Amino acid sequence: MSDDRRSVKTYVPEDQKAIWQDHADELGMSQSEFVRTMVQAGRRGFSIEELGSPVEPDPSGSDPGGSDLERRVEAALADGVLSWEELVDAVFDDFEGRLEDALDSLQDRNRVRYNGREGGYALIDE
């Protein structure tokens, strides 16, 4: 363990741990990577679906976002080796840019507004 990392422990029901472990296995992650990624995604307001790894496969066989995530990973790695954290940041940075563009577009069309007093974005009632 490097000097800049610290251990965090949590206790969850046995069935929840089994669900998390199964999902981590599906994503090819260790349980620690899975929990760390999910916590970071939750703190940033993302879901696993938005990151391109659907929780349940689409029965039609389509891959909404999955291939896109793979392309973003390949693009991030094109300049060299990245740690897990650097790779997560690179993927999130891409998403943050897309989110900013979407909010700008929605604000331009008067669908969303930012209210500093309320501390966030809100839909504009029609």
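Two strands count as paired if DSSP finds at least two bridges between them, where strands (E, at least two residues) and helices (H or I, at least four residues) are DSSP runs numbered from the N terminus. The structure is a predicted model, in which local features need pLDDT of at least 70 and side-chain atom pairs count only at pLDDT 80 or more, while totals for chains, interfaces and linings use all residues. Residues are numbered from 1 along each chain as its sequence is written, and side-chain values use heavy atoms, with hydrogens and water left out.

By that criterion, β1 pairs with β2 (residues 120-123) in the antiparallel sense over 4 bridges, and Y114 has Y121 in β2 as its bridge partner. The two strands, β1 and β2, form a hairpin with 4 residues between them, and G119 in the turn has a positive phi of about 80°.

Most residues other than glycine have a negative phi. N110, although not a glycine, has a positive phi of about 55°, and N110 is exposed, with a relative accessible area of 55% (buried means under 20%, exposed over 50%, partly exposed in between, for a 1.4 Å probe and protein chains only).

Elsewhere, the largest pocket is lined by 19 residues, of which S7, V8, S32, V35 and R36 lie nearest its centre. The elements giving two or more residues to this lining are α1 (14-26) and α2 (31-43). A pocket here is an open set of points, on a 1 Å grid over the protein atoms alone, where a 1.4 Å probe fits, with protein on both sides within 12 Å along at least five of seven lines, and lining residues have an atom within 4 Å of a point. The largest share of the lining, 6 residues, comes from α2.
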